[in-house]
Amino acid sequence: IARNLEGNIGLGIKSEGILDLDSIADQMNQLVFENSKFNVRLSGVGFRIAEMTSWIRKLSGRVIMENDIVSVKDIAGDFSGIKFTIDSTRIENMYKSILLSQPDTLKIDSRLSLGKLNYSSLIPIRDLLESDGTEIDEPDDSAEEESETPVFNYEVKGIFRIADIHYNDR
């Protein structure tokens with residue numbers, strides 16, 4: 001997934017729970033999302049995304065996950081020439097609403113800023129979003145069992161800023 005990894009990544013994990021040996025797989029998500037705390041600190045992290053021309057440099061900040069809440073604090077970095085900062089982001093009820101399909105609302109509150117953009121700096125993002133050229137099989141209408149798509153409510157709010165946008169390299 002990543003090549004040429006550099007920088008420092010610190011990880012703290014605190015978890016407690018009781019698992020029955022015959023149902024560990026069923027209990028693992030609850031242990032991870034509701035009975036654990038993960039604290040990740042990034043300092044000067046950089047890497048190249050494998051098989052792509054994209055890279056991330058000088059990634060620093062903190063990510064905490066506890067009680068089905070993900071908090072992102074003071075993240076800053078450079079994605080293929082696009083400087084970005086995430087002052088704060090809070091994601092609530094990801095486990096309950098998406099993985100368990102409970103009637104909880106996925107909540108996202110974020111403060112995100114991008115630096116100067118020009119059209120040529122968006123090419124790595126386009127490359128990430130484009131397909132690799134393989135054809136996608138059409139769904140078989142005769143299939144007896146349909147896959148369930150999770151349905152959940154969501155609430156997204158926050159602030160998104162871009163410092164400057166240029167179309168031609170001027």
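Colleague: In this predicted model, is Asn 93 buried or exposed?
Modeller: The relative accessible area of Asn 93 is 15%. The cut-off for buried is under 20%. Asn 93 therefore counts as buried.

Colleague: Where is Asn 93 found, and which residues does Asn 93 touch, not counting those up to four places away in sequence?
Modeller: Asn 93 is found in the loop between β5 (82–92) and α2. Leaving out residues up to four places away in sequence, the residues touched by Asn 93 are Asp 68, Ile 98, Asp 104, Thr 105 and Leu 106.

Colleague: What does a search of the whole structure find in the way of aromatic pairs, and what is the angle between the planes of Phe 33 and Tyr 95?
Modeller: The search returns one aromatic pair. Phe 33 and Tyr 95 form this pair, with 5.0 Å from centre to centre. Planes under 30 degrees apart count as stacked. The pair of Phe 33 and Tyr 95 is stacked, and the angle between the planes is 5 degrees.

Colleague: How many residues apart in sequence are the parts that the pair of Phe 33 and Tyr 95 ties together?
Modeller: Phe 33 belongs to helix α1 (residues 24–34), and Tyr 95 belongs to helix α2 (residues 94–99). The pair therefore ties together parts whose separation in sequence is 62 residues.

Colleague: Are Phe 33 and Tyr 95 buried or exposed?
Modeller: Phe 33 has 13% relative accessibility, and Tyr 95 has a relative accessible area of 5%. Buried means under 20%. So Phe 33 is buried, and Tyr 95 is also buried.

Colleague: Which residue lies over the face of Trp 55?
Modeller: The distance from the ring centre of Trp 55 is 3.8 Å. The residue over that face is Arg 57.

Colleague: In what order do the strands of the open sheet run, and which are the edge strands?
Modeller: The protein chain has three helices and seven strands. Seven strands form the open sheet, with mixed pairing, in the order β1-β2-β3-β4-β5-β6-β7. Each edge strand pairs on one side only, and these strands are β1 (2–15) and β7 (153–166).

Colleague: What is the average twist from one strand to the next, and what angle does the direction of α1 make with that of β2?
Modeller: From one strand to the next, the twist averages 5 degrees. Helix α1 packs on the sheet and touches β1, β2 and β3. The direction of α1 and that of β2 make an angle of about 85 degrees.

Colleague: How many bridges join β2 to β3, and how many join β3 to β4?
Modeller: Strands β2 (residues 36–49) and β3 (residues 55–66) run antiparallel and are joined by nine bridges. Strands β3 and β4 (residues 69–79) also run antiparallel, and the bridges joining them come to eight.

Colleague: What is the bridge partner of Phe 47 in β3, and what is the bridge partner of Ile 56 in β4?
Modeller: Phe 47 has Ile 56 as its bridge partner in β3. On β4, the bridge partner of Ile 56 is Phe 79.

Colleague: Which residue takes a positive phi in the hairpin of β2 and β3, and which in the hairpin of β3 and β4?
Modeller: The hairpin of β2 and β3 has five residues between the strands, and phi is near 65 degrees at Glu 51. The hairpin of β3 and β4 has two residues between the strands, and phi is near 55 degrees at Asn 67.

Colleague: Is Asp 74 buried or exposed?
Modeller: Asp 74 is found in strand β4, with a positive phi near 50 degrees in a residue other than glycine. The relative accessible area of Asp 74 is 56%, and the cut-off for exposed is over 50%. Asp 74 is therefore exposed.

Colleague: Is Ser 80 buried or exposed?
Modeller: Ser 80 is placed in the loop between β4 and β5. Although Ser 80 is not a glycine, its phi is positive, about 50 degrees. With 9% relative accessibility, Ser 80 counts as buried.

Key: Residues are numbered from 1 along each chain as its sequence is written. This is a predicted model: local features need pLDDT of at least 70, side-chain atom pairs count only at pLDDT 80 or more; totals for chains, interfaces and linings use all residues. Side-chain values use heavy atoms; hydrogens and water are left out. Rings of Phe, Tyr and Trp (its six-membered ring) pair if their centres lie within 6.5 Å; planes under 30 degrees apart count as stacked, over 60 as edge-to-face and the rest as tilted. Helices (H or I, at least four residues) and strands (E, at least two) are DSSP runs, numbered from the N terminus. Buried means under 20% relative accessible area, exposed over 50%, partly exposed in between (1.4 Å probe, protein chains only). A charge sits over a ring if NZ of Lys or CZ of Arg is within 6 Å of the ring centre and within 35 degrees of the ring normal. Two strands pair if DSSP finds at least two bridges between them. Axes are lines fitted to C-alpha atoms, for helices over the stretch in contact, and angles run from 0 to 180 degrees between N-to-C directions. Contact means heavy atoms within 4.5 Å.
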